[in-house]
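Student: I have a model open and would like to walk through it with you. Can we start with the pockets?

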Amino acid sequence: MITRKAYGKINLGLDVCGRREDGYHIVRMVMQNVDIYDTLTFEKNNSGNICLTANKDTIPTDEHNLIYKVCDLLIKKYDIKEGVNVHLEKNIPVAAGMAGGSTDGAAAFYGMKELFDLPITKEQMCELSVKLGADIPYCILGGTMLSEGIGEILSPLPDMPPCHILVGKPDINVSTGWVYTELDSKEIDSHPDIDGMCEAIKNEDLKGVCNRLSNVLEPVTKTEYEVIGKIEDLMEENGAIRAIMTGSGPTVFGIFDDEEKLKKAYRAIKESGYCPELFMSKPINPLY
């Protein structure tokens, strides 16, 4: 049996710079893994089929799941005769802007590689995976990364300065497609300082990182769901240097320079009832 951890991500900066003819948005993002993860286990079977199970009934276990798609892709590419049983223990919030599906897909590449001893490199994984999802190449490499193009052009950055991160998802689900459609109908008033964010990370300047936290998708989602702003305010009132939404939302994260402040904010958010899913975390580089 092979076991893989699939780490979630947050966006320290997310900018949309344009749109390609095929509909994909051109982005510049600073991505960061956090210590919140799903667990996938892989076993061979003799049926020749892909059997995917999960600990939550709401998760699709057929060809609509990226884990299934990756397994199917690799079985066909390498003419694997055996089947595979995969079990997913889901912990990362679903439809949360944390690349939960993409990171599971990335873990499936690693799990299949190890289980069947496949001669596939990280670069080849990234090349194959971008056709399945724009966030998967980042999830394959992990850590602190500048992401450009549609998400497939990746430049490693030094590890994020040490800190504590509170991650909270309110009890709403947001459609990424809807958020981008709404964004396309508006002018972007202010673009994030992505280059400045990269410099702050290189200089180990945590406050510089926090000062540049920015997400062009946030005004769209925040306008529709007021609770996002309430969570951010409550995190900052209880010690976060800054709090912001990640991805297309609705998940909010706050960055803290002190563990006691983190715990205080955790208690305040818990008592508010705003976030049924709430995690005390930290930045991580999985070093796959």
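Tutor: Start with the second largest pocket: its lining has six nonpolar, four polar and five charged residues. Bear in mind that this is a predicted model.

Student: What volume does the second largest pocket have?

Tutor: The second largest pocket has a volume of about 260 Å³. Its lining is made of 15 residues, and E187, D189, V216, P219 and V220 are the closest to its centre.

Student: Which elements give two or more residues to that lining?

Tutor: They are α5, β8 (214–215) and α8 (218–224).

Student: And which one gives the most?

Tutor: α8 does, with four residues.

Student: OK, now the largest pocket. How many residues line it, and which lie nearest its centre?

Tutor: The lining of the largest pocket comprises 42 residues, with A99, S102, D135, T176 and S248 nearest the centre. The volume of the largest pocket is about 980 Å³.

Student: How does that lining divide by class?

Tutor: Into 22 nonpolar, 16 polar and four charged residues.

Student: β1 and β2, then. How many bridges join them, and do they run parallel or antiparallel?

Tutor: β1 and β2 run antiparallel and are joined by 15 bridges. For a point of reference, V16 has V27 of β2 as its bridge partner.

Student: What about the turn of that hairpin: how many residues sit between the strands?

Tutor: Five residues lie between β1 and β2, and in this hairpin G23 takes a positive phi near 100°.

Student: Which other strands is β2 joined to?

Tutor: Among them is β5 (residues 144–149), which runs antiparallel to β2 and is joined to it by six bridges. Another is β4 (residues 83–89), also antiparallel to β2, with seven bridges.

Student: Which residues could I click on to find those two pairings?

Tutor: For β5, take V30 and its bridge partner L146. For β4, take K44, whose bridge partner is V84.

Student: Different part of the chain. What is the strand order in the open sheet of four strands?

Tutor: The order is β9-β10-β7-β11, with antiparallel pairing. β9 (242–245) and β11 (277–281) are at the edges, and each has a single partner strand, so one side of each has no neighbour in the sheet. From one strand to the next the twist averages 15°.

Student: And the β7 and β10 pairing: how many bridges?

Tutor: Five bridges, in the antiparallel sense, between β7 (residues 164–169) and β10 (residues 252–256). One of the pairs to look at is G168 with V252 of β10.

Student: Which helix packs on that sheet?

Tutor: α10 does, touching β7, β10 and β11, and its direction makes about 10° with that of β7.

Student: How do α9 and α10 cross?

Tutor: The axes of α9 (residues 227–237) and α10 (residues 259–272) come within 9 Å and cross at roughly 145°. The crossing is right-handed.

Student: Which residues make the contact?

Tutor: From α9, I231, L234 and M235; from α10, A265, A268, I269 and S272. By class, this contact has six nonpolar residues, one polar and no charged ones.

Student: Now the backbone. Where is the cis peptide bond?

Tutor: The cis bond joins G249 and P250, with omega about 5°. P250 is in the loop between β9 and β10.

Student: Which residues other than glycine have a positive phi?

Tutor: D79 is one of them, with phi near 50°. D117 is another, with phi of about 55°.

Student: Where are those two?

Tutor: D79 is in the loop between α1 and β4. D117 is in the loop between α2 and α3 (122–129).

Note on methods. Residues numbered from 1 in each chain as written. Predicted model: local features only at pLDDT ≥ 70, side-chain atom pairs only at ≥ 80, totals over all residues. Heavy atoms only, no water. Axes fitted to C-alpha atoms, helices over the stretch in contact; angles between N-to-C directions. Left-handed = near helix turned anticlockwise from the far one by under 90°. Contact = heavy atoms within 4.5 Å. Nonpolar A, V, L, I, M, F, W, Y, C, P; charged D, E, K, R; others polar. 1 Å grid on protein atoms, 1.4 Å probe; cavity = no way out; pocket = protein on both sides within 12 Å on 5 of 7 lines; lining within 4 Å. Points joined across faces, edges and corners; volume = space filled by probe spheres on them. Pairing = 2+ DSSP bridges.
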